[in-house]
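Colleague: Can you walk me through this one? Keep it short, please.
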Amino acid sequence: MILSVDLGGTKLQYGVFPIQPEGSPPQAMLVDTVVTERDFLGQLTSIIRELTDACPISAIAIGVPGPTSANVMRGSFPLDHPDTLDFGAALHGFNVPIIIRNDLDMAIHCELRLGAGLSTDNFCLLSLSTGIGVSVVIDGRVLDRKVEMGHQILRPDLDPPIPCMDHSNCWAALASGSGIARRFGRGAHTTTKEIFAHVLTEGDVRDLRRCNAQAFGNIVSAYDPEVIVVMGSLGLTQFDSIVPGQDEIAGFTVNRPVPEVMRCRMQQDIGILGAYYAAAEMVARKQPG
Ligand SMILES: [Zn+2]
């Protein structure tokens with residue numbers, strides 16, 4: 001069995017999956033979603049303890065909202081945890097192989113096996129959510145580099161500047177869920193759902209869409225994908241209003257044809273399914289033959 005976890009800033013989803021033969025889609029034995037607690041590591045530890053006591057878990061895969069290397073998370077804005085956290089060491093006592101990766105790099109394994117990857121070897125997965133993240137598949141392989149297209153500066157001259165970490169006026173500052181909330185949230189309207197319903201003018205929405213078209217165009221120029229896949233709560237709920245079409249992206253890149261833009265295939269469970277595939281790969285590598 002594989003225990004896969006998608007640890008988000010607001011919710012924590014986990015699932016237990018029997019290991020399937022190569023080529024068979026994963027079938028969850030159990031899936032649950034809970035609110036992420038402030039002590040997320042303590043919460044995670046008790047979930048893992050309960051499940052490892054109940055069933056024979058042979059690998060654990062955890063997607064986390066922050067950059068990772070060698071099972072260490074290098075800070076996380078959504079978890080409000082700016083310091084590094086060595087998950088590998090913290091969960092070592094379970095004596096089960098563990099793989100910790102950035103959540104988007106987990107999710108792209110799902111899209112690779114069950115979504116866009118079925119029809120193309122070259123695509124980008126864009127998460128438009130609280131933050132903005134981009135993961136890339138080139139020639140059928142996940143690009144294992146620090147891709148930070150969410151922080152591309154789109155409006156260097158914007159004044160007053162919209163800050164983000166050590167810079168300002170990046171794509172995330174302008175058009176992510178938290179960026180939109182900071183720029184447009186007022187009164188009782190603080191969530192993106194309420195802001196889209198009650199605050200944004202047609203001009204504001206057009207401006208966000210144009211921002212996204214410029215950012216998508218730069219991604220096309222950088223990675224030459226055949227398809228762009230959109231995931232994330234903001235991207236999926238506001239797809240028709242803020243995700244640009246091919247004709248709009250064409251104004252920001254010389255690459256032709258401009259790739260098709262589509263929603264991710266497994267919208268709810270993309271994180272835990274991707275984590276399942278990452279763990280199954282790790283288990284297969286450890287077994288002879
Ligand atoms: Zn930024």
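Modeller: Start with a definition: two residues are in contact if their C-beta atoms, placed from the backbone, lie within 7 Å. Also, this is a predicted model.

Colleague: OK. What share of contacts between residues at least 6 apart in sequence join residues at least 24 apart?
Modeller: In the protein chain, 63% of them do.

Colleague: And the secondary structure, what does it come to?
Modeller: The protein chain has eleven helices and 15 strands.

Colleague: What radius of gyration does the protein chain have?
Modeller: The value is 19 Å. A compact globule of 289 residues would have one near 19 Å, so the two agree. Along its principal axes, the C-alpha trace spans about 55 × 45 × 30 Å.

Colleague: How many of the residues count as buried?
Modeller: 42% of the 289 residues do.

Colleague: Switching to helix α1. What should it span?
Modeller: Helix α1 covers residues 40-54, which is 15 residues. At 1.5 Å a residue, it should span 21 Å. Its end C-alpha atoms are 21 Å apart, so that agrees.

Colleague: Which residues of α1 are buried?
Modeller: Leu44, Ile48 and Leu51 are buried. Seen down the axis of α1, the buried residues fall within an arc of 70°, so they line one face of the helix.

Colleague: Why would residues three or four places apart point the same way?
Modeller: An α-helix has 3.6 residues a turn, so they do.

Colleague: What covers the buried residues of α1?
Modeller: The cover includes strands β1 (2-7), β2 (11-17) and β4 (59-64).

Colleague: And which residues are on the other side of α1, exposed?
Modeller: Gly42, Ser46, Arg49, Glu50, Asp53 and Ala54 are exposed there.

Notes. Residues numbered from 1 in each chain as written. Predicted model: local features only at pLDDT ≥ 70, side-chain atom pairs only at ≥ 80, totals over all residues. Helix = DSSP H or I, 4+ residues; strand = E, 2+ residues; numbered from the N terminus. Expected span 1.5 Å × (residues − 1). Buried ≥ 20, exposed ≤ 12 C-beta atoms within 10 Å, placed from the backbone. Arc of directions from axis to C-beta. Rg over C-alpha atoms; globule rule 2.2 N^0.38 Å.
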